[in-house]
Amino acid sequence: MDGRLARYARYAWLAAVHHEIGPLFYGVALTDRCNLACNGCRIPAAGRPDLTWEALQALLRGAHARGFRELYFSGGEPMLWGDGSRTVEDAVRFARRLGFYHVHLYTNGTLGLESSVDLVWVSVDGLPETYRLRRGEHFAEVEAAIRAPGHPRTAVLYVIDRTTQGGAEPFLEWARDTALPVLGVMFYFHTPYYGYDELYLDAWERAPIIDRLLACRRAGLPVLNSRAGLLALRSGRWARRTSAAAVADVDGESVCCRAPHWCCRDCGYAACAEIVEALRLRPSAVLAMGRFR
Ligand code: SF4
Ligand code: SF4
């Protein structure tokens, strides 16, 4: 652990004092395949082949050699990924042997949460009447998976779009009142990855929603976004795209995320704002980052 702390201390010093942002967070989209058909998502329709085990090993070796130490697997639905006898669990074990410090998984939660990762991020955009507008009739099975014993630490990822924007407070209150066993809820905004569709909320529309999330934080509801991260999203004054992060898929690697450059101006990937604010040593963002280990 000492080696990790020393590495992070040096990383933070270089970032904050010398503005040298080195590699840290690496994502791998294992597959485009998904068992859901969410509103606004075109990933499964891309129909590209899955990463092979050999390609995945090469990506992870290369990322680790370049200095990336925090890893996440996503998709499509990463729980569907496999290559011959290899599964996501093999990928997690391989990453740990290479020396990645933490491994996270982003899932829709419908295939269970059994995994040896450090943290599972489960997409739940509101209570059933809101959730179904984005993801369909799967709330009950996802809730059951979260409440089932024996899975790793879990956090909820809630994407706010035009259909789900009203559901944040009722969901947070329900999570608190029913003791949903999660670290908390991280709110993203629908990013115009494929263009400015009917789900998109512009900066003027996002601002009062962010104010509501800040009020929820103050009221002690389980919002995972830091104050600094939310304020950055509200003001738009945060540096993008960040070279602290990269993501790879079957077609290659992108800095920060796979979105086209024109999309960054209206980025709603709150995790990116959290990283940028943590690297500026904003206290609430640094504290929040510590919870996501
Ligand atoms: S679960 Fe994720 S990958 Fe699957 S359709 Fe929904 S948004 Fe797309
Ligand atoms: S859209 Fe956001 S997360 Fe993606 S590259 Fe741009 S700034 Fe980064």
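Helices (H or I, at least four residues) and strands (E, at least two) are DSSP runs here, numbered from the N terminus. Keep in mind that this is a predicted model. Some notes from going through it:

1. Start with Ala-179, which sits in the loop between H7 and E8. Its phi is near 50°, a positive value in a residue other than glycine. Is Ala-179 buried or exposed? It has 8 C-beta neighbours inside 10 Å, so it counts as exposed, the cut-off for that being 12 or fewer.

2. Eight strands make an open sheet in the order E8-E7-E6-E5-E2-E1-E9-E10, and the pairing is mixed. E8 and strand E10 (252-255) are the edge strands, each pairing on one side only. From one strand to the next, the twist averages 25°. At the E8 end, E7 and E8 run parallel and are joined by five bridges; Val-156 has Val-185 as its bridge partner in E8.

3. Strand E2 (residues 70-74) deserves a look of its own: five of its five residues are buried, so to speak a mostly covered strand. Glu-70, Tyr-72 and Ser-74 point one way, Leu-71 and Phe-73 the other way.

4. E2 has a parallel neighbour on each of two pairings. Strand E1 (residues 25-29) is joined to E2 by five bridges and runs parallel to it, with Phe-73 as the bridge partner of Val-28. Strand E5 (residues 102-107) is also parallel to E2, through four bridges; there His-104 is the bridge partner of Tyr-72.

5. The loop between E2 and E3 holds Gly-76, and a cis peptide bond with omega about 20° joins Gly-75 to Gly-76. Both glycines belong to the residues around ligand 1, along with Cys-34, Leu-36, Ala-37, Cys-38, Cys-41, Ile-43, Pro-44, Glu-77 and Asn-108. By class, this shell has seven nonpolar, three polar and one charged residue.

6. Leu-80 is in the loop between E2 and strand E3 (82-83) too. It counts as partly exposed because it has 17 C-beta neighbours inside 10 Å. Setting aside neighbours within four places in sequence, its contacts are Thr-31, Arg-33 and Asn-35.

7. There is a cis peptide bond between Arg-240 and Arg-241 as well, with omega about -10°. Arg-241 lies in the loop between helix H9 (227-235) and strand E9 (245-249). Both arginines are in the shell of ligand 2, whose other members include Thr-191, Tyr-269 and the cysteines Cys-256, Cys-257, Cys-263, Cys-264, Cys-267 and Cys-272. That shell divides into eight nonpolar, one polar and two charged residues.

8. You'll find Leu-281 in the loop between helix H10 (270-279) and helix H11 (283-291). With 14 C-beta neighbours inside 10 Å, Leu-281 counts as partly exposed.

Definitions and conventions: Residues are numbered from 1 along each chain as its sequence is written. Chains are lettered from A and ligands numbered from 1 in the order in which they are written. This is a predicted model: local features need pLDDT of at least 70, side-chain atom pairs count only at pLDDT 80 or more; totals for chains, interfaces and linings use all residues. A residue is near a molecule or strand if its C-beta atom, placed from the backbone, lies within 6 Å of it. Ala, Val, Leu, Ile, Met, Phe, Trp, Tyr, Cys and Pro count as nonpolar, Asp, Glu, Lys and Arg as charged, and the others, Gly among them, as polar. A residue is buried if 20 or more other C-beta atoms lie within 10 Å of its own, exposed if 12 or fewer, and partly exposed in between; C-beta atoms are placed from the backbone. Two strands pair if DSSP finds at least two bridges between them. Axes are lines fitted to C-alpha atoms, for helices over the stretch in contact, and angles run from 0 to 180 degrees between N-to-C directions. Two residues are in contact if their C-beta atoms, placed from the backbone, lie within 7 Å.
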